[in-house]
Amino acid sequence: MLNIVLVEPEIPQNCGNIARTCAATRSRLHLIEPLGFDISEKAVKRAGLDYWPMVDLHVYHSLDHFFAEHPNPDLWLATTKAPQDYTSAHFQDGCWLFFGKETAGLPQWFREEHFERCIRIPMREDARSLNLSNSVAILTYEALRQQGFPGLTGTGEMAQAE
């Protein structure tokens with residue numbers, strides 16, 4: 001199972017889109033506080049997130065709290081500052097994809113500590129970054145592609161029409 005980790009996400013719409021991607025792909029969603037929005041049951045219902053019950057959600061007070069519970073994760077850090085693009089990564093079952101907050105990305109100390117595990121999505125030089133939810137979707141599907149899309153359907157209803 002794939003693990004998606006959002007470090008201090010700020011924008012509720014991005015988190016909602018990412019949660020939907022996690023629900024659709026059977027990936028776990030891990031949120032590192034502080035969060036820029038409310039994820040209480042009342043707030044989720046008000047937002048009409050009918051897929052939220054399908055999300056395997058875990059919340060941590062800090063990165064230290066996360067690492068206390070998961071001491072040696074097979075991690076990959078998504079950052080525009082990475083020296084290598086994501087096609088050089090070999091995503092294993094159970095790996096962890098880390099994404100930083102929208103305004104600042106992942107902390108510099110964290111990127112430096114895991115320099116060899118930093119990956120980027122190629123884009124033009126004068127573009128600051130992609131939207132967070134788009135970045136998560138790209139890397140999630142690449143990781144799942146490398147693993148053969150475990151637990152996901154490989155055909156749509158049109159396959160029946162042949």
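Q92 is partly exposed, with a relative accessible area of 46%; in this briefing, buried means under 20% relative accessible area, exposed means over 50%, and partly exposed lies in between (1.4 Å probe, protein chains only). The structure is a predicted model, in which local features need pLDDT of at least 70 and side-chain atom pairs count only at pLDDT 80 or more, while totals for chains, interfaces and linings use all residues. Residues are numbered from 1 along each chain as its sequence is written, and side-chain values use heavy atoms, with hydrogens and water left out. Helices (H or I, at least four residues) and strands (E, at least two) are DSSP runs, numbered from the N terminus.

**Surroundings of Q92**

- Q92 belongs to the loop between β5 (84–85) and β6 (96–99).
- Not counting residues up to four places away in sequence, Q92 touches D74 and Q147; contact here means heavy atoms within 4.5 Å.
- Q92 and P12 are 80 residues apart along the chain, and their C-alpha atoms are separated by 29 Å.

**The sheet**

- An open sheet is formed by 7 strands in the order β3-β2-β1-β6-β4-β7-β5, with parallel pairing; two strands pair if DSSP finds at least two bridges between them.
- β3 (56–60) and β5 stand at the edges with a single partner strand each, so one side of each has no neighbour in the sheet.
- Strands of a sheet pair through backbone hydrogen bonds, either parallel or antiparallel.
- β5 and β7 run parallel and are joined by 2 bridges; D85 has R120 in β7 as its bridge partner.
- β1 and β2 pair in the parallel sense over 5 bridges, and V7 stands opposite I32 in β2.
- β2 is mostly covered, since 4 of its 5 residues are buried.

**The strand β4**

- Which residues point one way from β4, and which the other way? L75 and L77 point one way, W76 and A78 point the other way, and all are buried.
- In a regular strand the side chains alternate between the two faces of the sheet.
- β4 is joined to β6 by 4 bridges, and the two run parallel; in β6, F98 is the bridge partner of L77.
- β4 is also joined to β7, by 2 bridges, again with the strands running parallel; in β7, I119 is the bridge partner of A78.

**Helices on the sheet**

- The angles below run from 0 to 180 degrees between N-to-C directions, with axes as lines fitted to C-alpha atoms, for helices over the stretch in contact.
- β1 and β2 pair over 5 bridges, and β5 and β7 are joined by 2 bridges. Helix α1 (residues 12–25) packs on the sheet, where it touches β1 (3–7) and β2 (28–32), and its direction makes about 150° with that of β2.
- α5 also packs on the sheet, touching β1, β4 (75–78), β6 and β7; the direction of α5 makes about 165° with that of β6.

**The buried residue L2**

- L2 lies in the segment before β1 and is buried, with a relative accessible area of 1%.
- Not counting residues up to four places away in sequence, L2 touches S27, R28, C95, L97, T140, A143, L144 and Q147.
- The C-alpha atoms of L2 and T80 are separated by 21 Å, with the two residues 78 apart along the chain.

**The largest pocket**

- The largest pocket has a volume of about 490 Å³.
- Of the 25 residues that line this pocket, T80, E102, G105, S129 and L130 are the closest to its centre.
- On a 1 Å grid over the protein atoms alone, a pocket is an open set of points where a 1.4 Å probe fits, with protein on both sides within 12 Å along at least five of seven lines; lining residues have an atom within 4 Å of a point.
- Grid points are joined across faces, edges and corners, and a volume is the space filled by probe spheres set on the points.
- β7 (118–120) and α5 (132–146) each supply at least two lining residues, and the largest share, 3 residues, comes from α5.

**Backbone features**

- Most residues other than glycine have a negative phi, and most peptide bonds are trans.
- The peptide bond from E33 to P34 is cis, with omega near 5°; P34 lies in the loop between β2 and α2 (41–46).
- R26, in the loop between α1 and β2, has a positive phi near 60° without being a glycine, and R26 is exposed, with a relative accessible area of 54%.
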